Amino acid sequence: MSKHRRRTALVGVGALTAGLLLTAPQAAEAANLVKNPGFETAGTDGMPYCWEKSGWGDNDFSFATVPDAHSGTKAMKVTLTRRVEGDRKALITESTDCAPVVTVGKQYDLGLWYKTTTPDANITLFRHDATAGWQYWTDLKTLDMASAWTRATVRTPEVPAGTDRITWGVSVYGTGSATTDDYTMDQVPDVLPPARCTGSTDQCANGSWSVLPTQNPVRSMHSVVLNNGKVLLIAGSGNSEENFDAGTFTSAVYDPANGTYKVIPTPKDMFCAGHVQLQDGRVLVMSGNKAYPVAGGHGYEGFKDSYIFDPKTETYSRTNDLNDGHWYPSATELGNGDVVSFGGLREDSTGSVTAEYWSDKDQQWLPLWKVNQTWSYWGLYPSMVLMQDGRLFYTGSHVFGNNIPGTGSAVYDYGANTVTQVPGLQNKDERDQSASVLLPPAQDQKVLTIGGGNIDSNPDAGRLTDLIDLKRANPSYVAGPPIPQGTVDLGNGRIAESGNQGKMYVSAVLLPDGKVLETGGALHNRANPVYESSVYDPGTNTFDPVAADPESRGYHSSAFLLPDGRVMATGDNPGNGTWNHNVSIYTPPYLYQGTRPTITSVINQEWKYGDTQRITVDRPIAKAELIRPAAVTHSSDPNQRFVDLPLSVDGNNVDLNVTSNPDLAPPGWYMLFAVDAGGVPSVAKWVHLTGPAALSASAASPHVHSFADSLGGKVTGPGKKRTSQQVSPTISGCDRHYGSVNVCVPTVFPPQVKKTAVARCTWLKQNHYGRLKVNGGDDPLGLDRNRDGTACGEGDTARR
């Protein structure tokens, strides 16, 4: 990963003001919405009327009106002769006189003629928000190099809420020039969506859940959607000491096409490992469980082993070892196909401060001396999201207890080896087992963090959500809308949640209509399941309650998108040691909204960055996107992302414009969805996105923007080299003095439970724990008052 350079501010001569008033839009049949589209009318500052100079960064450039025109007598030429960073672009002037008026929810076809001497030229779009003013919107299309006049067309996404005008032009971000002429902009006529509502009124509004007739044969807490459409379900010992002692480690492959499971031999206890999909479609699995905790002794231990699962052979093979043990590690793929991993517990139960780096080129974990280290302890399953410039955003979502010191979220620059704190995360020490997602589309660089609690202190889990816009110069979390409340089972049946009660163990799933399903969860540590699901709309910043999963989905549950557009949910492991083997399927409302569009062909399954790739569809679509298949565990999938593919439409032939930036869409296999104007998606096709084998003169470079370039938080570099971070053996929130190791008696009971043996034993009975053996002579929770070696027996709760 290249070192991030501190970026200079955007340079533009337009009126960057929030004071524009909404103006009545032009009708769809109106003439070209671009004024002075051929640069024939002179303006000020050496630029044509209604055109301005814009750009940023360290580069030498020129703007010139030239006679080498496609039509008429003039064209615009933008040239970069030296570039370290940034871009230059001629834009439609950001003013009420020049910037085209647009209508929220509509799309616009943009066109121009061009010649280029650089592959690094892109059609770039800005929008005017009636409240926030002018801001970057998105890159639409990388222009192929062309020595003769060439036509380029592309369609905008739907205009976001609050937008009244847009402006656009060609960004030149590599040495060379782009000459452009004859710009056009037309509103796309409305296309009537297909017939509405093929189900009941409730199904069309809220979707529906069903429970599959065949149970999951393994106690899986890791779910990976493979590039053949099947699902890898990893259990290892499945949080069962009996399985661990017997050496019974399992995985299964589920085939949604026929509803069958195949149990896979598993070489090591991958219980609570880390995992990520490599760019070739194989699954890298790192660390796992070396030992279960011992009362009065050590806690969980992580081993150094690492494996690769091959979907073709459905077998595991061993890689070289990690440098340290990592029970509960994160894993994030970078834009070059490498993987960086943080956190977890070492072989001696202490916290690992060692960052690990997988080299895709070498197909191995790099030795310690080759890996940048800050010697920071990031906790367990720290959510590390790849930003558009290659830095990592630690969202604040993590597992087990309190957050890291400081503000609870941060930007980590691997190249510079610096950590910068990011403010704003609410109640940072109660975001244990929250979920974080890079919102659709990835180009918007917004992250949502949902719910959470604290396994250590065991309060009621909360409803908090937080949003951050990483496009801002100095981004900060702001409070989002609270998640809706559902019902909770406190041991005597379901009752409505009240007050600030929310949930931890949240699953968040990106949907092909550009929304996010949040589902599952529990009110307390491995107890009191919450039955609630809702859909978050990034466009309106609202949650809409939908049908709830009928199954309990707390600890060790996961939910994920299938290629057919449905969502699968598995697992639940309450503190009493039981396991829910039932599997639920959610059918979202969009699958009850009429006939689905169909991708009838994908011309090429192998895609490169900056490509234009053609598909055919059976009827008009409004958008298309790549969704990275899930690799999820413990509410955590930092690699989940939805990448917009701007359209160039010619009847049923649709050209999809692929980002030139691999940090927006790391290399690998993706699900390709086409979505109609009603939000109904196709069944996904699989495509493989990779970079060029060697950078050639015609290969586009990443178009990186000056986002988050003026961070104001505390900056720290590498700390003193150390071996580990001390971690309590009770980090999992379980008191191992009672029951077997796979039973979790909470070290701290929920706040509603009085600190008496009667109250605590009543709570344990309500949550189906039964009588529990006392391990050793200690009884820290006072559950064995008659000291017969059994907690919560008749003599322990009898009144004296």
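Mentor: UniProt lists residues 250–577 as "domain: Glyoxal oxidase N-terminal", in an unreviewed entry; such annotations may be inferred rather than shown by experiment, their positions follow the numbering used here, and feature names are shortened. The model is predicted, so local features need pLDDT of at least 70 and side-chain atom pairs count only at pLDDT 80 or more, while totals for chains, interfaces and linings use all residues. Residues are numbered from 1 along each chain as its sequence is written, and side-chain values use heavy atoms, with hydrogens and water left out.

Over residues 250–577 the chain is 0% helix and 36% strand, and the end C-alpha atoms lie 18 Å apart. Helices (H or I, at least four residues) and strands (E, at least two) are DSSP runs, numbered from the N terminus. The protein chain has four helices and 60 strands. Of its 800 residues, 62% count as buried, a word that means under 20% relative accessible area, against over 50% for exposed and partly exposed in between (1.4 Å probe, protein chains only).

Ser 287 lies in the loop between strand 18 (283–286) and strand 19 (289–291). Its phi is near 60 degrees, a positive value in a residue other than glycine. Ser 287 has 1% relative accessibility and therefore counts as buried. Further along, Pro 441 is found in the loop between strand 32 (435–438) and strand 33 (446–450), and a cis peptide bond, with omega about -15 degrees, joins Pro 440 to Pro 441.

Aromatic rings come next. Rings of Phe, Tyr and Trp (its six-membered ring) pair if their centres lie within 6.5 Å; planes under 30 degrees apart are stacked, over 60 edge-to-face, and the rest tilted. The structure holds 33 such pairs. In one of them, the ring centres of Tyr 412 and Tyr 414 are 6.4 Å apart and the planes stand at 90 degrees, so this pair is edge-to-face. Tyr 412 and Tyr 414 are both buried. One aromatic cluster includes Phe 271, Tyr 292, Tyr 300, Trp 327 and Phe 400.

Charges also meet rings here. A charge sits over a ring if NZ of Lys or CZ of Arg is within 6 Å of the ring centre and within 35 degrees of the ring normal. The charged end of Lys 268 sits over the ring of Phe 303, 4.9 Å from its centre, and that of Arg 494 sits over the ring of Tyr 531, 3.5 Å from its centre.

Tyr 531 leads to another part of the chain. Strand 41 (527–531) is among the elements that cover the buried residues of helix 3, as are strand 59 (772–773) and helix 4 (794–797). Helix 3 (residues 757–766) has as its buried residues Ala 757, Ala 759, Arg 760, Cys 761, Trp 763 and Leu 764. His 768, whose phi is positive, near 65 degrees, follows helix 3.

Cys 792, in the loop between strand 60 (790–791) and helix 4, touches Cys 761 and Leu 764, together with Arg 771 and Leu 783, not counting residues up to four places away in sequence. Here a contact means heavy atoms within 4.5 Å. Cys 792 is buried, with a relative accessible area of 15%.
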